[in-house]
Amino acid sequence: MLEFLELIWSDYTVRIITMGTAALGAILGLLGSFAVLRKQSLLGDAISHAALPGIVLAFILTQTKTTYVLLLGAIISGLIGSVLINSIVKRTHLKTDTALGIILSVFFGFGMLLLTAIQKQPDAAQAGLDKYLFGQAATLMLEDVKLLIAVLGLALLILFLFYKELKLLLFDADYAKTLGINTKYLDVLITVFIIVAIVLGLQTVGVVLMSAMLLAPAAAARQWTNSLSTMLFLSAILGMISGVLGTAISASQDNLSTGPVIVIIAVSLVVISFIFAPNRGLIAKRVQQRKNKKLFEKIKDDAATT
Amino acid sequence: MASQKGVKYAINVHDLTVAYDYKPVLWDIHLQVPEGVLMAIVGPNGAGKSTLIKAMLGIQKSITGTVEVFGKSYKEMRKEVAYVPQKEAIDWDFPTTVLDAVMMGTYGQLGWIKRPGKKEKKAALEALEQVGMLPFKNRQISQLSGGQQQRVFLARALVQNASIYIMDEPFQGVDATTEIAIINILKELREQGKTVLVVHHDLQTVPEYFDWVTFLNVKKIATGPVKEIFNDDNLNKTYGINYKVAVNQ
Amino acid sequence: MTQPQLEIQLIAAIVSVACAIPGVFLVLRKMALISDAISHSILLGIVLGFFITQDLNSPILILLACLVGVLTVVMVELIQKTKLVKEDTAIGLVFPALFSIGIILISLKANDIHLDVDSVLLGELAFAPFDRLFINGKDFGPKALWIMGSILIFTLTLLLLFYKELKLSTFDAGLSAALGFSPVLIHYSLMTVSSVTVVGAFDSVGAILVVALMIVPAATAYLLTHKLKSMLMLSVFFGLFSSIGGYWVANLLDASIAGSMATMLGVIFFTVYLFAPKKGLLANLFKEKRQKSEVQLLAFLLHLHSLNEDNDLEERCVNHLYMHFRWTKSEADNILSLAKENSLVYLDGDCIYLTEKGNDFSERAIQFITSNRGEKIEGIKEDYLLFRG
């Protein structure tokens, strides 16, 4: 562990990767909180899978593997998936879980179809695209990190400017409308940011595991506080910790993708939170139950003796 | 039904029609709510009561119809109308305290970007005092009972200092003490000259709590002072069965 | 067609039918994403089984995989019980955790076994014919055929035996419990069957296609029917069609068979989504437009009807339509001409009056509306309206 900390100072690559995963963790923590509070927990799972064909198509069309291009393809594909999910739910009697499952599997299958179809191309194109499946933080470059920090900054700015409107929108959308708040624009804004966050995370966490990274920091943070702002802050911190720790640990082993390690750490934080959080945690609840029981027995005894 | 010229109504609904999924929910509603009344909106399940107020507030799309508040369009007069939605529609596990939730009522007056400050906090605390929830101000809302939740929602609306209060089933699922507390606050509001509209589910209490009533069943059956129109005839027309209620004449 | 080609298609067909059946129930019970969860988490079971037996072909792997599948469901429900997070959050936490443990174990301990990303997620249908079952030296065909075939027969048997109970508990859990068919038992049986099916299919078609095969045919069928029997048959049909069609497209493009099948399923779904009679998107858009005109017409007529007593001339004028109904000029003109075409109103200068027919129609409509039987309106519309919206 200590060598890792030293490396951050001395080694440029390690520094870059650490900053990148930290920023990413914070973004996922923040936006994951919104997804969770909007009851769209598994949207992350569906969108991350839906992004794949966009990535492959972007490559096929431009023949480059520049991050920006591929990410743009991913975002467009993710947006289309998100729009289709909404339209299926709105216009048919099919429920959200079914719509998510359809988009998730069909888009991903289509992406894999394209990916394997181009496998025969001479420059072994799909090698670089594989990293999107399980994530490999080691491939983060300076431009990627700059992008991540920029997006984090933008998200924080929007959050700062529109905090109360977003808070009310999440809590009681109908009431928010009566106060004159334009809920439609804010909704779209949130969705777009969530999609961007997911797409940015694909390189590090991978498609399969993205759903956990969007949910875990928020689920953990929720157990420790009853204030939205604290929850958002804590969620970002926990996301950061998972990202950095996960990358450090996976870097120390050969042949270990970063995605799974980050997820294990994040989910462990959730389990710890479930058990140890004051008030909501399982231990706290058990203690409270015992106290209540004792109190009740005392009341019974008092009543019996009078 | 012509609107009388020169009389300003708090709310004037013209020709409101709403259809969900091809089924008519509200048909051709004309409703004039005079200023300063405490009005109950009653009707059987599915009669469109919630839909009526949602359509009035612009939350629900209507096929036709206009809504005027004090003679101007609702959009212009938004600040004069406070909404208390059904508490069942909210996820009460949302991370926020009672005080925070009530302060949300000030957001409309603050406008974009501005943060709630001392003035808003004071107004929220006063509203909490009024509904009897001040000791709970730092409580997480998920720890509240149904009655307490309703009071919090009412406080949030009171903070808006509106002239018209529109409430959707505020007495559903609350304890007796809360019910009395709320109806007393509503009566106070009426004393102050405000107009209060309440979607109400309990016919027994209509004569006791309200001075005006509107009977609704997809169409508006009747509207007017309780003393005049709260009778078996209208009850039959609305509920479709022989509904006898002891009405204190 | 060569024999391997025939065998691949046969396997694909069997897999798709075997998946379609539990899939119908998952979709009806709003548990579609459990299939996604199970299909990923079983990797852990396979890995653990391999560590124990060191033999990729041991049935222990399958057994452990199934157990992990059911474990996933159990864990999700345990978390849901704590009420600390919402239902889907629980799913989104459990399966990535289990899957991650599986991947990490592989990387740490089984470095010489190459984890082919594609095969985990996509399966290797193309290679299925080469993994054959030899008993006493006789070639009985591809293993996958036997495994999936047995699972299919097992599933079909359960389906036939417990059809009534499944149907009842899916559509009315309360009644089912009251009649003594424990919904919990049925639920976990369904989960076990789903798990077993996913495990069996995992090897040939991979995690993602299993999800597609379970959910998409059922969802497509659900758009066309609400009857359980029809839904089952249609799902099977769509599954079969996609697997055979998908195979040939993959052949053409020399690409992943699983990916192709999933894409084909998607194409079928979206075709039905757009074009289904009554429920399809296009049909709905058309219906909405017509409904809107007719609802406006009805509102207009009822408004006129309510004027009869007052004889208020101002409210009869054409201009009133624009102001109080908030209709655009074209909408207002449309309604007016529709009313005239159907002989429901007539014009006297600038003022509109109901004809006798229009009066009748309005009164009948009012009756039906206030008795909350809105659907009957369709009937009287047909009686009175020659020209629809």
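The model is a predicted one, so please read every value below as computed from it. Chain A has 15 helices and zero strands, and 56 of its residues are in contact with 60 residues of chain C.

**Chain A as a whole**

- The C-alpha trace of chain A spans about 90 × 55 × 35 Å along its principal axes.
- Chain A has 306 residues, and 58% of them count as buried.
- Take the contacts in chain A between residues at least 6 apart in sequence: 71% of these join residues at least 24 apart.
- Helix α9(A) is mostly covered, with nine of its nine residues buried.

- Between them, chain A and chain C bury about 4900 Å², and 76% of that is on carbon and sulfur atoms.
- On the chain A side, Arg91(A), His93(A) and Phe134(A) lose the most area to chain C, together 13% of what that side buries.
- Nine residue pairs are in polar contact between chain A and chain C, counting pairs with both residues at pLDDT 80 or more.
- Several helices of chain A give two or more residues to the side that touches chain C, among them α3 (43–62), α4 (67–91), α12 (210–222) and α14 (258–276).
- The most comes from α5(A), which gives 16 residues to that side.
- By residue type, the side of chain A that touches chain C divides into 31 nonpolar, 16 polar and nine charged residues.

**Salt bridges**

- Lys164(A) and Glu165(A) join their side chains in a salt bridge, at 3.1 Å from N to O, and both Lys164(A) and Glu165(A) are buried.
- Asp172(A) forms a salt bridge with Arg156(B), where the closest N and O atoms are 2.8 Å apart.
- That pair crosses between chains: Asp172(A) is in the loop between α9 (163–171) and α10 (173–178) of chain A, while Arg156(B) is in helix α5 (residues 146–158) of chain B.
- Both Asp172(A) and Arg156(B) are buried.
- Another salt bridge joins the side chains of Asp302(A) and Lys298(A), at 3.4 Å from N to O.
- Asp302(A) and Lys298(A) both lie in helix α15 of chain A, four residues apart, or about one turn of the helix.
- Asp302(A) counts as partly exposed because its relative accessible area is 39%, between the limits of 20% and 50%.
- One network of salt bridges with shared partners takes in Lys39(A), Arg222(A), Arg280(A), Asp91(B), Asp93(B) and Lys86(C).

**Glu165 in chain C**

- Glu165(C) is found in helix α7 (residues 163–171) of chain C.
- Glu165(C) is buried yet has no salt bridge; the nearest side chain of opposite charge is that of Lys164(C), 4.2 Å away.
- Leaving aside residues up to four places away in sequence, Glu165(C) touches Phe181(C) and Ile186(C).

- Ala26(A) is found in helix α2 (residues 12–37) of chain A.
- Ala26(A) counts as buried because its relative accessibility is 3%, under the 20% limit.
- Not counting residues up to four places away in sequence, Ala26(A) touches Leu152(A), Ala236(A), Gly239(A) and Met240(A).
- Ala26(A) and Ala137(A) are 111 residues apart in sequence, and their C-alpha atoms are 15 Å apart in space.
- Over in chain C, Ser260(C) lies in helix α11 (residues 257–275).
- Ser260(C) also counts as buried, because its relative accessibility is 1%.
- With residues up to four places away in sequence set aside, Ser260(C) touches Leu113(A) from chain A, as well as Gly246(C), Val249(C) and Ala250(C).

Terms used. Residues numbered from 1 in each chain as written. Chains lettered and ligands numbered in written order. Predicted model: local features only at pLDDT ≥ 70, side-chain atom pairs only at ≥ 80, totals over all residues. Heavy atoms only, no water. Buried < 20%, exposed > 50% of the residue type's maximum accessible area, 1.4 Å probe, protein only. Lys, Arg positive; Asp, Glu negative; His and termini not counted. Salt bridge = Lys/Arg side-chain N within 4 Å of Asp/Glu carboxyl O. Contact = heavy atoms within 4.5 Å. Buried area = accessible area lost by both parts, 1.4 Å probe. Polar contact = N/O pair within 3.5 Å; in protein donor to acceptor, adjacent residues only side chain to side chain. Nonpolar A, V, L, I, M, F, W, Y, C, P; charged D, E, K, R; others polar.
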